[in-house]
Amino acid sequence: MPEAPTIDTGNTAWLLVSSAIVLLMTPGLALFYGGLNRAKGVLNMIMMSFSAIGLVSILWLFYGFSAAFGEDQGGVIGDLGQYLGTKTFMAETDLWGETGVPLYVFMAFQMMFAVITVALISGAISDRAKFSGWLLFVVGWASLVYFPVAHWVWGGGFIGANLGALDFAGGTAVHINAGAAALALVLVLGRRLGWPRETMKPHNVPMVALGAGLLWFGWFGFNAGSELTADLTTGLAFVNTQVATAAAVLGWLLVEKARDGRPTLVGASSGAIAGLVAITPACAFVTPWAAVLLGLVAGAVCALAVGLKYRLGYDDSLDVVGVHFVGGWIGCLWIGLFGTSSVSSLVSNEGLFYGGGVTQLGVQAVSGLIVTGYSFVVAFVLAFVIQKTIGFRVSEQAEVEGIDIAEHAESGYDLSPAAGSAGGGAFAAAGLTGGRPAGQTGAPGAEQVAAGWPAGGRHGHPDSAGGEGADATGQRRW
Amino acid sequence: MKLVTAVIKPYQLDAVKEALHALGVAGLTVSEVQGYGRQKGHTEVYRGAEYTVEFLPKIRVEVLTDELDVNKVVDAIVAAARTGKIGDGKVWVTGIEDVVRVRTGERGLDAL
């Protein structure tokens, strides 16, 4: 009789650390996207990532994890009731497979993947998507696309188990998947006003680099964590992640130098992301020198691919298609070219350049095509339905004036002293609005004076904090 | 009395301020402005997409001065602001009818 599995504390510790730093990737992505965006939409851009953390984490607990990693039901979906969020898994035997990792730790690790995959899509539709439409899309796409596709690829479904496609950390399930959905959303929502006549330049390049740096850091958890244990493969995935990304930075910069004359920081940051994306599926299946080659190709090809939107006329605002879709495809196919059983026992067909012919390359291509088609179609239908029901696009006026104010009633930056102090924000926060209805926007300073604010009252007048002259609700009685 | 207005490159402001201080100029007003002259802005490239920035950031320096000192003030600004490269800016002089010091109510030269 085999021994019952026990908790492996080393593996568990590594996967907990990985889970935490994979979560950090999503705020990192928010900064990366936020900096690439125009200033008037920076908060909405960041909000789309943070809201994905909020929504997808809860969906994942309740049924997402079951759908993706529950017992396989016909190759299509996991057993929805197996890990239902109302159950508790605290028995000594509640471990994930042979890894010796508690079920909750594996669930948390995969939760972070679901979160960032959804957040990735948002970069395509900056400055023009209703926040309510986005939230509805997140619920729909995560439930109908991400959870099943994760099952197909990793959870015992037909792409991984039957077709034999390899995707170590998410080239197909994450990047091709999100990239195809992004393209569908762009086609339904349409272009930003003024695009491409106005090139919408990034408003904060240091923020772009900061976000890219956080993504790079977290990506070690994403890729090396995907081994689930701490072993030789973990080390290979870690090294490949670093060298492929480094090479991709160089690849992107070389294209920029040749094409535009100067290397840029936005280019270096974008190259890093392209490299990280491309090495993701292949990081445990190729040798480090093949990872360097992969990075160089991904950096250069993605640098060229981001220009496609101008030729083809689709406004993928922050190049989700050019970086994630194209980069994901490069990595997916790379396994068919350079995958070798000398580094991984999971590689059953050698890559083309290791004498294995085109078998694995074909399998990889088919897996990418299936996910591309499914994600694109479902995302398109979802977006179309949202557009026709609650509406998916903000009004023209809101778009021109800025989606941050229109959708969230806040702005990213308040640098002008003339605009800064006139809002009476502290009074509104304290409920001292002089009787104005809550939520009214505008410049209340003048109204407050007209309503009889005593001189100096805005700067700590003795009775301005609810003493004499204030009723029980803190509102002034004038 | 004269008003000397100079539109200069932002990075030359410290040099101009020092030069005016050395002349004994008591005060000046500085504002951030945007504009272009013959160079017509510049081009930036983000992910291969060209972005033409027409209005470049400049600094406008305004100095009120006595008519006798106006040439010294102009010369000092021009010498300090010049880099020799395109986009160094412009300096112009306009006449002023009267000046009032707000605190004391002094007028004319006394208010400078």
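A salt bridge here is a side-chain nitrogen of Lys or Arg within 4 Å of a carboxyl oxygen of Asp or Glu. A:Lys201 and B:Glu44 form one, with their closest N and O atoms 2.8 Å apart. Please keep in mind that this is a predicted model.

**The interface**

Between chain A and chain B, 2 salt bridges are found by the rule, along with 4 residue pairs in polar contact, both residues being at pLDDT 80 or more. On the side of chain A that touches chain B, the elements giving two or more residues are helix H1 (9–36), helix H8 (232–260) and helix H9 (265–282) of chain A. H8(A) gives the most, with 4 residues. That side of chain A divides into 10 nonpolar, 3 polar and 5 charged residues.

Chain A brings 18 residues to the contact and chain B brings 9 residues. About 1000 Å² is buried between the two chains, and carbon and sulfur atoms give 59% of this area. A:Thr199, A:Lys201 and A:Asp260 lose the most area in chain A, together 42% of what that side buries.

**The sheet of chain B**

In chain B, 4 strands form an open antiparallel sheet in the order E2-E5-E1-E6. Strands E2 (29–35) and E6 (89–95) of chain B each have a single partner strand, so one side of each is left without a neighbour in the sheet. E2(B) pairs with E5(B) (residues 56–65) over 7 bridges, and B:Ser31 stands opposite B:Arg60 in E5(B).

| Helix | Strands touched or crossed | Angle |
|---|---|---|
| H2(B) (residues 70–81) | touches E1, E5 and E6 of chain B | about 5° with E1(B) |

Definitions and conventions
Residues numbered from 1 in each chain as written. Chains lettered and ligands numbered in written order. Predicted model: local features only at pLDDT ≥ 70, side-chain atom pairs only at ≥ 80, totals over all residues. Heavy atoms only, no water. Contact = heavy atoms within 4.5 Å. Buried area = accessible area lost by both parts, 1.4 Å probe. Polar contact = N/O pair within 3.5 Å; in protein donor to acceptor, adjacent residues only side chain to side chain. Nonpolar A, V, L, I, M, F, W, Y, C, P; charged D, E, K, R; others polar. Pairing = 2+ DSSP bridges. Axes fitted to C-alpha atoms, helices over the stretch in contact; angles between N-to-C directions.
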